[in-house]
Amino acid sequence: MLKIAIEKIDELFALVAQNQALYIPSDNKDGAAEYTRWSEGVKYSNALNTLRSAKDFFFPQTEDLVDFKMSGKNIEIIDIRKETEDFVIFGVRACDAKSFFILDNVYLSEPVDSYYKNRREHATVITMACSKPSETCFCSAFGIDATQPGGDVECASDGTSFFFEAKTEKGKAFIDSVSSLLSDGDTAELDNAKAKTKEILAKLPLAELSTESFGADKLTELFNSDKWAGLSESCLACGTCTFVCPTCQCYDIKDFDTGHGIKRYRCWDSCMYSDFTKMAHGNPRLTQLERFRQRFMHKLVYYPANYDGVFGCVGCGRCLAKCPISMNIVKVMKALEVK
Amino acid sequence: MNNDTLIPHLGVVTDIRIDTPDVKTFRVVSPEGGKVFEHMPGQCAMLSIPGVGEAMFSITSSPTNKEFMEFSIKKCGCLTSWLHMMEVGQQVTIRGPYGNAFPVETELKGKDLLFIAGGIGLAPLRSVINYVRDNRANYGSVQIVYGSRSKDDLVDYQEIINEWMNDDGIEVNLTIDNPQEGWDGHVGFVPNYVKELEPSTSKTVLICGPPIMIKFTLAGLKEIGFQETQVYTTMELRMKCGVGKCGRCNIGDKYVCKHGPVFRFDQLNELPNEY
């Protein structure tokens with residue numbers, strides 16, 4: 001397998017960045033990893049995961065959709081879309097890599113979302129196998145192998161080198177473009193490292209989390225569960241879970257008057273907010289119970305009902321780490337589980 | 001880049017009809033003339049005044065109308081108030097059509113039809129009623145039960161008395177909530193009126209109106225002997241995208257904008273009661 005010594009990775013980044021924008025996880029001043037555009041001096045972080053998920057690359061927090069110019073009774077519609085330039089994301093973990101396919105199901109199904117597709121098509125995704133999964137990880141519950149993260153190029157480390165394996169045509173082109181820096185390497189150490197990671201994965205506290213009690217056929221039973229009241233009771237409706245979630249895909253569309261015209265943009269929204277479903281004649285989800293239930297029913301029942309049984313969660317654990325009241329999907333699943 | 005459904009088309013308002021104190025019907029054509037797009041009865045469109053708002057409205061005109069589309073809109077919020085203040089010649093943005101339609105070419109064909117509407121709930125049904133009138137041979141008898149708060153709140157009143165009531169094979173039953181000077185028709189709420197009329201249980205029912213009216217009318221229909229599989233309705237929830245992606249108009253695993261807005265009651269009953 002082709003590899004590069006870890007201490008030489010900056011050379012590879014420099015080569016890639018000559019032609020395309022390159023984004024890598026890098027520690028910010030608070031010590032949290034965030035995807036950062038690479039330039040000389042930006043250091044790769046081997047942190048388990050980035051603070052915000054990688055969905056931002058394809059589904060940014062806000063984006064402009066269309067412009068309007070108003071004059072008297074007339075309206076001019078201005079299509080502001082531009083072809084995105086090619087870019088590379090390096091170091092995507094298996095959970096985030098899987099989340100792209102969950103978003104694809106929504107945004108690439110008819111009618112295709114051209115904004116999302118544009119970015120997706122121009123991105124090369126280079127994943128990174130996990131070596132130190134943490135106690136908040138539960139990707140294996142959703143059938144994800146953290147040692148085989150996929151992407152266009154799958155990357156893994158044995159502690160001294162990064163190994164590269166192309167998984168798609170785009171991935172092959174990437175490897176060809178940096179082959180001058182790569183050399184053939186023995187994977188014995190890498191196989192050992194992966195075996196060790198698998199041992200850790202099997203011993204994680206959430207390794208036994210089961211999805212048996214969830215799915216499309218459990219809709220009525222789960223919706224009517226009397227557990228929702230207790231589970232949602234202390235929810236602050238802050239929406240943090242939604243914002244750090246790699247699979248949360250809901251958006252709002254708003255207009256902004258720039259003084260020279262109207263910008264129509266979309267931005268992330270959250271089903272945890274009271275005005276998400278509020279209409280002139282009322283609100284079908286009146287209390288936080290209904291809104292809280294919606295978020296988890298969507299991931300565990302509605303999404304699988306619409307997309308061949310695939311769950312709308314990848315077990316990245318961000319919501320476990322970030323919820324201010326320590327409520328999360330794992331607690332919800334355990335409470336609703338039928339044993 | 002391909003067209004994106006989120007980028008709207010231009011429309012021009014060529015006629016504004018005052019239906020009731022709070023309902024106006026707007027005629028919309030493309031700037032070049034003619035309809036902006038084709039639709040089927042029951043489908044909806046997103047209308048917008050940029051900078052004011054964008055919202056989903058049912059298309060009240062029938063697709064058999066080849067010249068224009070119409071929207072009957074009740075004044076109840078920010079955007080609708082703006083629409084009520086605008087004048088003929090105003091451009092709007094429009095995108096669609098969205099959602100499924102009443103199954104006029106399949107399940108409803110050859111059936112005796114009973115339309116039940118309350119208030120502005122007539123708007124989506126008017127599209128079906130006029131489609132049926134224009135394809136009369138394809139359907140059996142037509143009965144329309146329509147009720148409103150007062151005579152002045154009956155939407156499309158002129159069309160009802162001048163056209164629908166003069167059609168052969170169409171029975172129109174109007175009712176208003178309270179007695180009113182100049183009204184010698186029926187007085188009372190729609191659910192009770194439907195029971196009094198004792199419609200034949202062989203009919204297929206299309207119902208739209210305030211949720212409370214639908215609830216009691218459906219209960220009454222069941223008492224008479226109607227099955228849920230015979231009754232269709234059309235739903236409305238808050239929407240942003242119109243294509244099942246923005247995530248807010250779902251009832252269970254169904255998006256009203258995409259899988260609806262038309263549902264049969266047996267289908268609706270399989271979904272959580274969250275609408």
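**Briefing: domains, sheets and the A–B contact**

In chain B, 15 residues of domain 1 are in contact with 14 residues of domain 2. The model is a predicted one.

**Domains of chain B**

- The domain assignment places domain 1 of chain B at 9–97 and domain 2 of chain B at 113–234.
- Their C-alpha centres are 24 Å apart.
- On the side of domain 1 of chain B that touches domain 2 of chain B, the elements giving two or more residues are β1 (9–20) and β5 (69–74) of chain B.
- That side of domain 1 of chain B holds eight polar, five nonpolar and two charged residues.

**Strand β11 of chain B**

- Strand β11 of chain B spans residues 204–208 and is mostly covered, with five of its five residues buried.
- Cover extends to both faces of β11(B). B:T204, B:L206 and B:C208 are buried on one side, and B:V205 and B:I207 are buried on the other.
- Strand β7 of chain B (residues 113–118) pairs with β11(B) in the parallel sense, over five bridges.
- Within that pairing, B:A117 has B:C208 of β11(B) as its bridge partner.
- Strand β12 of chain B (residues 231–234) also runs parallel to β11(B), joined to it by three bridges.
- Here B:L206 stands opposite B:Y232 of β12(B).
- From β11(B) the chain passes through helix α5 of chain B (residues 211–224) to reach β12(B). This β-α-β crossover is right-handed.

**Open sheet in chain A**

- Chain A has an open sheet of four strands, in the order β5-β4-β12-β11, with antiparallel pairing.
- Its edge strands are β5 (74–78) and β11 (251–257) of chain A, and each pairs on one side only.
- From one strand to the next, the twist averages 25°.
- Five bridges link strand β4 of chain A (residues 62–71) to β5(A), in the antiparallel sense.
- Across this pair, A:D67 stands opposite A:I78 of β5(A).
- In general, strands of a sheet pair through backbone hydrogen bonds, in parallel or antiparallel fashion.

**Contact between chains A and B**

- Chain A gives 41 residues to the contact, and chain B gives 31 residues.
- The side of chain B that touches chain A has 12 nonpolar, 11 polar and eight charged residues.

Definitions and conventions:
Residues are numbered from 1 along each chain as its sequence is written. Chains are lettered from A and ligands numbered from 1 in the order in which they are written. This is a predicted model: local features need pLDDT of at least 70, side-chain atom pairs count only at pLDDT 80 or more; totals for chains, interfaces and linings use all residues. Two residues are in contact if their C-beta atoms, placed from the backbone, lie within 7 Å. Ala, Val, Leu, Ile, Met, Phe, Trp, Tyr, Cys and Pro count as nonpolar, Asp, Glu, Lys and Arg as charged, and the others, Gly among them, as polar. Two strands pair if DSSP finds at least two bridges between them. Axes are lines fitted to C-alpha atoms, for helices over the stretch in contact, and angles run from 0 to 180 degrees between N-to-C directions. Domain bounds come from an automatic or database domain assignment. A residue is buried if 20 or more other C-beta atoms lie within 10 Å of its own, exposed if 12 or fewer, and partly exposed in between; C-beta atoms are placed from the backbone. A crossover is right-handed if, with the strands pointing away from the viewer, the path from the first strand over the helix to the second runs clockwise.
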